[in-house]
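My entries are below, in the order I made them.

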Amino acid sequence: MKNILNRLINHEMLSKEEAKNVLVNISNGSYNTSQISAFLTVYMMRSISIEELAGFREALLELCIRVDLSAYNTIDLCGTGGDGKDTFNISTLASFVAAGAGIKVAKHGNYGVSSISGSSNVIEKLGIKFSNENDFLERSIDKAGICVLHAPLFHPAMKNVGPIRKDLAVKTFFNMLGPMVNPSFPKNQLVGVFNLELARMYAYLYQSTDVNFTILHSLDGYDEISLTSPTKIITSSMEGMLSNESFDIRLLSQNEIEGGKTIDESAQMFTDIISGKGTEAQNNVVCANAGMAIATVTKCSPLEGFQIAKESLLSGKGLNALNKLQELSKI
């Protein structure tokens, strides 16, 4: 590691193979916590290269506990986090709304590191069981239309990194990796990223896979469609912009999509919104993201996807998906 750190401090880039080997060595316990912290810190101070990101991704996918959901045409709705916006759990709510609309969702998530309440914090608070058992996950997809893949159960390689990330409490390159290392290898992905540079890198890496992807970045910094500004969208076949007008709704202000100050508050907000008691702004931002997931899978227009999502949310289908998952968790 000393040699690697010296090179990185001298602004050298690692090759794909070197980057992969570092992550494999981290998983093997070859480095101490100070070395791992220093390694993470370097990437907070300079950009990561495509080769490095590809190497890190390859290592995590090779080391993960795979789950076979290939019988389903699944999608993962996942943001990188690290945008510093502290919104409510938009992509997690959108996942249940999409599931309510008949889309099969394999939701990859984790506890919040740089935010108050990550996807897993809220889902756990709502009584949903975390499991890496294939039978339970398939039953979840069958009955509820959605299963939850809690990252630490599938990425044992990262047990040496989790506590360090928590102590650092700022975004690291693991935020960038999260959406790209879903252990079920979904056929579709809706990925939100925290800046345009990362959007381009994701697009480059995904172009060489057979994943049907949509990458999102709101120009005012959100890692999802925020409806507070135009959103850059990149798919395998096009690049473009989405705005509130794409969904025939008004522009939102940032304070309308703020999250709770505690995990309890975040869970209550989640329950209110999925139960149809959200504000117009909350409902619209959830349905814009769920609608893009629906559009990604079905190839309908973003507006049509939004309307399908709205019906799923307001008719209680999204809540039904949540309730079914809660029931399955008690068995």
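These are my notes on a predicted model.

**Helix H1**

I started with helix H1, residues 2-9. I asked which of its residues are buried. They are Ile-4, Leu-5, Arg-7 and Leu-8. Looking down the axis of H1, I found these buried residues within an arc of 160°, so they line one face of the helix. Lys-2, Asn-3 and Ile-9 are exposed on the other side. Next I checked what the buried residues of H1 pack against. Their partners are helix H2 (16-27), helix H3 (33-45) and helix H4 (50-63).

**Positive phi**

After H1 comes His-11, and its phi is positive. I noted a value of about 65°, although His-11 is not a glycine. I looked up where His-11 sits. It is in the loop between H1 and H2. Is His-11 buried or exposed? Its relative accessibility is 66%, so I put His-11 down as exposed.

Asp-86 belongs to the loop between strand S1 (75-79) and H5. With a relative accessible area of 36%, Asp-86 is partly exposed.

**Helix H15**

I then checked the length of helix H15, residues 317-330. At 1.5 Å a residue, its 14 residues should span 20 Å. The end C-alpha atoms are 20 Å apart, which agrees. The buried residues of H15 are Gly-318, Ala-321, Leu-322, Leu-325, Gln-326, Leu-328 and Ser-329. Down the axis of H15 they fall within an arc of 165°, so they line one face of the helix. On the other side of H15 I found Glu-327 and Lys-330 exposed.

What covers the buried residues of H15? I listed helix H5 (90-100), helix H7 (134-144), strand S3 (146-150), helix H12 (263-274) and helix H14 (302-314) among the elements that do.

**Aromatic rings**

I asked how many aromatic pairs there are. The count comes to 12. The cut-off for stacked is under 30 degrees. Tyr-206 is buried, at 1% relative accessibility. Phe-213 is buried as well, at 1% relative accessibility.

I also wrote down one aromatic cluster, formed by Phe-39, Tyr-43, Phe-56, Phe-173 and Phe-174.

Two lysines sit over rings. Lys-85 lies over the face of Tyr-222, at 4.9 Å from the ring centre. The charged end of Lys-129 is over the ring of Phe-136, 4.4 Å from its centre.

**Cysteines**

Last, I searched the whole structure for disulfides and got zero. Cys-64 is in no disulfide. I looked up which cysteine sulfur is nearest to that of Cys-64. It belongs to Cys-147, 14 Å away. Cys-64 counts as buried at 10% relative accessibility.

The cut-off I worked with was 2.5 Å between the sulfur atoms. Cys-287 is buried, at 0% relative accessibility.

Note on methods
Residues are numbered from 1 along each chain as its sequence is written. This is a predicted model: local features need pLDDT of at least 70, side-chain atom pairs count only at pLDDT 80 or more; totals for chains, interfaces and linings use all residues. Side-chain values use heavy atoms; hydrogens and water are left out. Buried means under 20% relative accessible area, exposed over 50%, partly exposed in between (1.4 Å probe, protein chains only). Helices (H or I, at least four residues) and strands (E, at least two) are DSSP runs, numbered from the N terminus. The arc is that of the directions from the helix axis to the C-beta atoms. Contact means heavy atoms within 4.5 Å. Rings of Phe, Tyr and Trp (its six-membered ring) pair if their centres lie within 6.5 Å; planes under 30 degrees apart count as stacked, over 60 as edge-to-face and the rest as tilted. A charge sits over a ring if NZ of Lys or CZ of Arg is within 6 Å of the ring centre and within 35 degrees of the ring normal. The expected span of a helix is 1.5 Å times one less than its number of residues.
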